[in-house]
Amino acid sequence: MNDVTTSALEVANAVLELGDGDSRVRALDDVSLTVMPGELLAVVGPSGSGKSSLLAISGALARPDSGTVRVHGTELSALSKSAATRFRLRNIGFVFQSGNLLPSLTATDQLRLAGRLAGNRRIDTHALLDSVGMAHRAGHRPGQLSGGERQRVGIARALVNAPSLLLVDEPTAALDRRRSHEVVQLLAERAHGSGVAVVMVTHDRDVLEHCDRVLEMIDGRLGVPALQH
Amino acid sequence: MFLALRELRFARGRFALMGTVIALISVLVVLLSGLSSGLVNDGVSGLKALPATAFAFDEGTMKDNAFSRSVVDDDQLAAWHDADGIAEAEPMGVNIVNGVTADGIQVDLTLFGIEPDGFLAPAVSTGRGVGAVDGIVVSEPLREQGIELGTVVTLDRLDVELTVVGFTQGQATFGHVDVAYLPLDTWRLLAAGASEPGAPTRQQIDSLDFPFASVVALLAEDGVSPDFAATDDSAGTTTMTLTEAFNASPGYEAETLTLSMIQIFLYAICALVVGAFFTVWTIQRSHDIAVLRAMGASSRYLLRDSLAQAAILLVSFTAIGVAAGVGMGAAMPDAMPFALELEPIALASCLTIGLGLLGAAVAVVRIARIDPLRALGGQR
């Protein structure tokens with residue numbers, strides 16, 4: 001499905017500054033990174049180290065002040081705001097903290113809405129929910145689901161439009177140890193199985209064993225962690 | 001509308017509360033509209049029924065109650081007869097009297113003295129038209145008070161006896177008093193104070209020299225807007241068009257202005273309440289909207305969805321409110337001047353919905369300003 005020779009995500013010398021005047025912080029300081037299709041990359045680091053900023057520029061939610069971001073060969077900074085929105089819709093999937101599902105929609109409808117946004121009204125929601133082990137909860141709303149179940153539905157929703165890049169923000173923040181492992185394992189399976197590239201930001205070092213590669217972010221700089229697990 | 005409908009169902013408690021407020025406002029709007037139409041009918045339906053284009057009052061007549069204050073003479077009438085663009089100019093007498101029937105029913109009547117064969121002669125639903133010197137053609141709803149063909153009304157103090165010979169088509173009232181058409185000659189007899197007790201006779205009329213009336217009723221030639229001001233100068237009159245003349249009927253302006261003001265306030269309240277609700281609602285789900293935008297939903301999609309949601313809410317609950325209002329209006333006691341008319345109610349419903357949507361639109365525009373970045377990081 002995804003071209004193996006083109007990198008799914010390529011960030012080169014990205015710099016992003018946030019805030020104004022005295023409170024100006026360099027959230028990303030000359031960050032470079034390449035992720036290949038089918039790879040699960042974990043980015044660890046303390047809060048405020050710039051992990052979320054990395055997700056933001058990779059997902060076309062923010063534009064770096066300098067440097068380039070390419071997703072599956074497309075240069076993001078060359079896109080207009082609305083073109084970036086459309087691009088995000090079709091090529092990038094987001095998995096948010098604790099799922100961030102819409103409270104009014106059942107699991108099935110979460111997926112259907114994601115499909116409809118991209119103009120796709122024929123989603124095999126059952127198969128998708130089944131692939132994350134949630135077929136039996138298809139008719140439940142987020143309020144009736146546990147944290148781990150919400151996260152699974154969130155992953156299924158992010159995969160509806162078959163993105164080439166999946167950006168995952170602290171997926172285990174609200175989960176216990178066992179469920180954290182299950183969720184990250186699921187991400188690894190999806191990456192290896194369907195060839196989608198996954199970038200997961202986390203500060204949960206317990207789950208890194210499932211990841212293909214781990215990078216550490218400290219004060220906006222990306223590097224190989226001192227203590228590899 | 002995928003999301004809109006599901007949110008309506010999910011947050012039905014909140015939307016039902018808001019909807020109830022909209023429905024109650026609609027009920028009030030319908031009742032006010034009915035009351036307003038009813039008062040207008042009660043006030044000027046007699047004038048509305050006249051085929052006149054305009055009325056010439058004696059120059060300088062005070063605007064309020066002008067019909068019964070004004071006195072015009074034959075010279076003024078003649079000047080209007082010869083005016084350009086005027087097809088018909090006829091004298092008309094107006095005054096209000098009290099009377100009692102043989103059965104002891106007390107009635108107030110606005111006497112419209114007209115030329116029996118003139119253009120002002122009313123169409124009748126039953127009986128004969130204006131003609132007999134002691135005959136009156138009265139407003140249809142007077143039947144409900146027990147007035148019939150042949151009923152003799154004796155005017156207070158004058159003891160003049162007038163006989164009901166016909167009924168108008170529909171309601172004809174002026175200043176909340178039922179209209180009685182009668183020949184101008186008979187009206188002059190009463191106005192001159194030359195009447196004698198009993199039914200007026202041809203002899204009394206023939207011996208009277210009283211060349212006055214209240215106003216000159218004017219009918220413009222087809223498709224012509226005459227220059228009223230020019231003839232006013234030469235005739236010594238002040239002309240008001242038919243609709244301007246409504247304000248010259250007793251209490252009309254005061255009543256309609258009061259009701260209009262209440263209605264305008266209601267529309268403003270509707271827009272503000274709906275706007276406030278959707279502002280809070282939008283802020284409440286701003287995190288969800290940030291998530292949707294991060295997923296790639298366009299502003300247009302989200303705005304359309306939210307406006308559709310507001311429209312569904314407004315249309316359905318306005319319909320419920322209007323239905324309830326019409327139901328309540330139909331059960332109003334007869335003593336209340338209340339008229340359910342399709343046009344003003346349709347207009348009022350559209351205004352309620354339109355202004356509500358405007359309020360909602362101002363509120364949901366903030367969707368476009370929600371930063372999808374908020375979807376990342378900590379919850380809410």
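B:Ala54 has B:Leu218 as its bridge partner in strand 12 of chain B. The model is predicted: local features need pLDDT of at least 70, side-chain atom pairs count only at pLDDT 80 or more, and totals for chains, interfaces and linings use all residues. Residues are numbered from 1 along each chain as its sequence is written, while chains are lettered from A and ligands numbered from 1 in the order in which they are written.

Strand 1 (residues 54-58) and strand 12 (residues 215-220) of chain B pair antiparallel over three bridges. Strands are DSSP runs of E, at least two residues, and helices are runs of H or I, at least four, both numbered from the N terminus. Two strands pair if DSSP finds at least two bridges between them. Strand 3 (residues 86-101) of chain B also runs antiparallel to strand 12, with six bridges. There, B:Glu88 is bridged to B:Leu219.

Chain A meets chain B through 25 residues, in contact with 21 residues of chain B. Contact requires C-beta atoms, placed from the backbone, within 7 Å. Helix 1 (51-58), helix 2 (81-91) and helix 3 (107-117) of chain A each supply at least two residues of this side of chain A.

A:Val168 touches A:Val95, A:Leu187, A:Val198, A:Val199, A:Met200 and A:Val201, not counting residues up to four places away in sequence.

Definitions and conventions: Contact = placed C-beta atoms within 7 Å.
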